[in-house]
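Welcome! Here is a short briefing to read alongside the structure.

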Amino acid sequence: NNIQGFIRGIPKAELHMHIEGCIEPDMMFKLAERNGIQLRWDSPEELRAAYEFNDLQSFLTLYFEGCKVLVREQDFYDVTYDYLAKAHEENVVRAELFIGPQSFTENGTPLVELMDGVLGAIRDAEKAFGISAGVIISTHRHRSEADALEMLDAIMRWQDRILGIGMGGAEIPNPPSKFVNYFRTCRERGFRTCIHAGEEGPADYVRQAVELLKVDRIDHGNSCLSDPELVAELVEKQIALTVCPVSNLKLNVVSSLEDHPLRRLLDAGLQVTVNSDDPPYFGAYVNENLLQCQAALNLSVDEIVTLARNSIVGSFLPSQEVTKLT
Ligand code: ADE
Ligand code: ZN
């Protein structure tokens, strides 16, 4: 009906999507064959049927296994380009994409192959579709701070082409406080920063991200609601939350979308955005996330407009570009 067409048509940004979490099962088989890798499923259908998760860790185990098919520059190019083509179809005008290089360099892929593939696809998709896109380097919180600092040094040669630095992986028991030096170094080198926090972790992890790491954006952030003073601080500092509702449902962060905190986050005045996280794994790209939330929470047209506007305002675009798009 009307609101569904409105959701599909409204220009939006996607700020929380992992390139290595966006390998469609057909692509997974194509890349495995190209690289001589034996998968433990017999068909793309069988692989898709394995997308049943209990929690974040059960997902991450499969996600890191899937990373093994991304080896050469062309592999990174193909996955990135296919996502941007799909995003363009969904009226995504701005896409900020995470990639976690540690998953690939540890298997012997040179960083230059990863960066050339991702940046080449972004350049070509910008030309082909008029979409605006960029990459955020995401390090792993279940690895050490020294590992993260080593990756930061390695990516410096692409500094001018990187939007910012993020962090994902197993949230518990790896609080933001583990990475104070790393995030300070990122900021000193001029990078914008964000971190996954408050997905499975408590409000205190979100507080640490804001107060100790001084990040510009929080990825997820759901659990902040249990700390009203923290909510006030997030509102005051206009820190955007990149919420991923269907991901939360599939990883049992929430028991149903009807119970999802999205509306409560909006009602609190937070700069909430809706994102897909790892769309093939969770069966929903960004528009499907918005559609399912609209149906479950009875979101109004005004609330959809707010979410779309928040996504543009919360992006790492320069302010004059934000003005043009809002
Ligand atoms: N990597 C990809 N998706 C993630 C998520 N939802 N949480 C933490 N790390 C991730
Ligand atoms: Zn994520």
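Two residues are in contact if their C-beta atoms, placed from the backbone, lie within 7 Å. This is a predicted model, so local features need pLDDT of at least 70 and side-chain atom pairs count only at pLDDT 80 or more, while totals for chains, interfaces and linings use all residues. Residues are numbered from 1 along each chain as its sequence is written, and chains are lettered from A and ligands numbered from 1 in the order in which they are written.

**Overall fold**
- The protein has 17 helices and eight strands; these are DSSP runs (helices H or I, at least four residues; strands E, at least two), numbered from the N terminus.
- Its radius of gyration is 18 Å, close to the 20 Å from the globule rule for 326 residues, so the protein is as compact as a globular protein of that length. The radius is taken over C-alpha atoms, and the rule is 2.2 Å times the number of residues to the power 0.38.
- The C-alpha trace spans about 50 × 50 × 40 Å along its principal axes.
- Of contacts between residues at least 6 apart in sequence, 73% join residues at least 24 apart.

**Core and strands**
- Buried residues account for 48% of the 326; a residue is buried if 20 or more other C-beta atoms lie within 10 Å of its own, exposed if 12 or fewer, and partly exposed in between.
- The largest nonpolar core has 93 residues, of which Leu-97, Val-118, Val-206 and Ala-209 touch the most other members. Such a core is a set of buried Ala, Val, Leu, Ile, Met, Phe, Trp, Tyr and Cys residues joined through C-beta atoms within 7 Å.
- Strand S2 (residues 92-99) is mostly covered, with eight of its eight residues buried.
- S2 runs parallel to strand S1 (residues 12-18), joined by five bridges, and parallel to strand S3 (residues 132-140), joined by six. Strands pair if DSSP finds at least two bridges between them.
- Glu-14 stands opposite Ala-95 in S2, and Phe-98 stands opposite Ile-136 in S3.

**A buried loop residue**
- Asn-222 lies in the loop between strand S6 (217-220) and helix H11 (228-236).
- Asn-222 is buried because 26 other C-beta atoms lie within 10 Å.
- Beyond its neighbours within four places in sequence, Asn-222 is in contact with Gly-198, Glu-199, Val-243, Asn-248, Val-253 and Pro-261.

**Around ligand 1**
- The residues around ligand 1 include His-18, His-196, Glu-199, Asp-277 and Asp-278; a residue is near a molecule if its C-beta atom, placed from the backbone, lies within 6 Å of it.
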